[in-house]
Structure formats: C-alpha cells, structure tokens
Amino acid sequence: MNVTDPADLGILDASAALRSRELSAGELTAACLRRIETRNGGAPSFDGAPDAINAFVRIYPELAQEHAAIADATLAREGEEAPLLCGVPLAVKDLYGIGGMPLTASSRVLDGNLAEHDCTVWARLKAQGMIPLGHTHTHEFAAGGTTDQVGNPYDRSRVVGGSSGGSAAALAARMTPAALGSDTCGSLRIPSACCGRSTIKATPGAVPIDGIIPLAPSFDHTGPMARHIADWRGA
C-alpha cells in the first residue's frame, strides 16, 4: 500500500488493500474518523463557520467501528470472495434512513427524529459490508443549490453546491472514499462539479428511494458519489 495515511485511499485502492488483508476495515475506518476530526473544522453544527468545512451534521464513530468489526470478520472468512465494497467507509447524506439513528435533513425542524428502519439503498450497501461514518449536510430538506453551512475544501469563500454539498465536501477533503447523495434538480451533479468529484444520476427508478426523505418523489434520484469516476464504476 503506497500511501502514508489509509484515509487517502479511494474506493478501488481501499477495496484491494482490504481484500488482500494489507489493511483492515477497522484501521481504515479509524483513519477516516481521524481525518474527519482534523479536517471537518470542529464539531458538526447546523450553522457551520466561515473557516470550517463542516461536511458532517453527525458522526457515528461507535456505529462505524461496529460495522468495521463485522466487515473484518467477513473479509477474514471470505477473502477474495468477499463483496468488493466490504469494509469501505461511506458518508451518508442526511436524507437516507439508517435504522435507529437520527435523520434530520439538516433541519432543526426534525431535531430528535429517528429513522424507524434502514432505507433500501443503505440496507443493500450494509449487506455488502460498507461502513457508515455519519450523516453529511444537505441544503435544508434538499430544497436548494448551495448547502450554505458547508465550506468548500478548496476555498471557504466559495459554495460547495447543493443539495448534496456535505457529501461532495467530505470527498474533496478526503474524509471518506465514498458517499451517498441525491438529485432532484442537479443535487448530485452540481456539488460534484463545485468540489471536483465524480457522480452519476441513474435512470429514473433504477435505484429505490424508499426510506429517503423526499423533495419531489417523481423527480428524486439516489446516487453514488466518489473521488474519481473509476471508483464508482469499478465498485
């Protein structure tokens, strides 16, 4: 593994290192959590700060390490037969339900709200062994194009785009190798462009939106976000 810090690995490189057992899911998760601590710009907040990236609205270190332990057991048992995404950390836009965890759409209106069950997308990725690092900020209820509480990692005076701005910023700051976003009127594509990252807006209906806080269900799309186009294509 030719990197100083495992948090610098993209999806494909991380997957290769995990499957060869050169790196454990616990080590990779711990590296990503350290990177979040050093680069997010202090504790997550609803408002952000002029000098903070503030990509995350909430971080779940205990849940992440719990899933990492499960992934390591799978990798030890199955080796090269383990799912390609097994052990890869993931940032989750704050519209996607993770059963039992807070779900707020980056709004104080939903403060205290808990997801009753996993949304379909997260349930499928969990079954593949991915690791949830936390929920990333969205423009409140995904109804906007700037995600103002998040700072652009390249220039804090510039927007990250919206509404998946937290996920795009987390990827650009190398806090995570993978992220989830959503797109109603450009909300996957605009942040990815503003932060120099990669995404795809899938064919309508190809990826379920069940368990995701809606904006306009007939237009809403779920979607993957990554550092490079090869990452989500390969995974």
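The legends below describe close-up views of a predicted model.

View 1. Six strands make up an open, mixed sheet, ordered S1-S3-S2-S4-S6-S5. Strand S1 (56-59) and strand S5 (198-199) are the edge strands; each has a single partner strand, so one side of each lacks a neighbour in the sheet. Helix H3 (residues 61-78) packs on this sheet, where it touches S1 and strand S3 (131-136). The direction of H3 makes about 155° with that of S3.

**View 2. Strand S4 and its two partners.** Strand S4 (residues 178-183) pairs with strand S6 (residues 221-226) in the antiparallel sense, over six bridges. Within this pairing, Met 225 of S6 is the bridge partner of Ala 179, and His 221 of S6 is the bridge partner of Asp 183. Strand S2 (residues 89-93) and S4 run parallel and are joined by two bridges. Ala 179 of S4 stands opposite Ala 91. Strands of a sheet pair through backbone hydrogen bonds, whether parallel or antiparallel.

**View 3. The two faces of strand S4.** In a regular strand the side chains alternate between the two faces of the sheet. On one side of S4 lie Ala 178, Leu 180 and Ser 182, and on the other Ala 179, Gly 181 and Asp 183; all are buried, and both faces are covered. Six of the six residues of S4 are buried, so the strand is largely enclosed by the rest of the structure.

**View 4. Helix H3 and its buried residues.** The buried residues of H3 are Leu 63, Ala 64, His 67, Ala 68, Ala 71, Asp 72, Thr 74 and Leu 75. An α-helix has 3.6 residues a turn, so residues three or four places apart point the same way. The buried residues of H3 pack against helix H1 (11-19), helix H2 (25-39), helix H4 (120-127) and S3. At 1.5 Å a residue, the 18 residues of H3 should span 26 Å, which agrees with the 25 Å between its end C-alpha atoms. Gly 79 follows H3 and has a positive phi, near 55°.

**View 5. Leu 90 in the largest nonpolar core.** This core has 60 residues, of which Phe 56, Leu 90, Leu 125, Met 130 and Met 175 touch the most other members. Leaving aside residues up to four places away in sequence, Leu 90 touches Trp 122, Leu 125, Met 130, Ile 131, Pro 132, Leu 133, Gly 134, Thr 176, Ala 178, Ala 179 and Leu 180.

How values were computed. Residues numbered from 1 in each chain as written. Predicted model: local features only at pLDDT ≥ 70, side-chain atom pairs only at ≥ 80, totals over all residues. Heavy atoms only, no water. Pairing = 2+ DSSP bridges. Helix = DSSP H or I, 4+ residues; strand = E, 2+ residues; numbered from the N terminus. Contact = heavy atoms within 4.5 Å. Axes fitted to C-alpha atoms, helices over the stretch in contact; angles between N-to-C directions. Expected span 1.5 Å × (residues − 1). Buried < 20%, exposed > 50% of the residue type's maximum accessible area, 1.4 Å probe, protein only. Core = buried A, V, L, I, M, F, W, Y, C linked by side-chain atoms within 4.5 Å.
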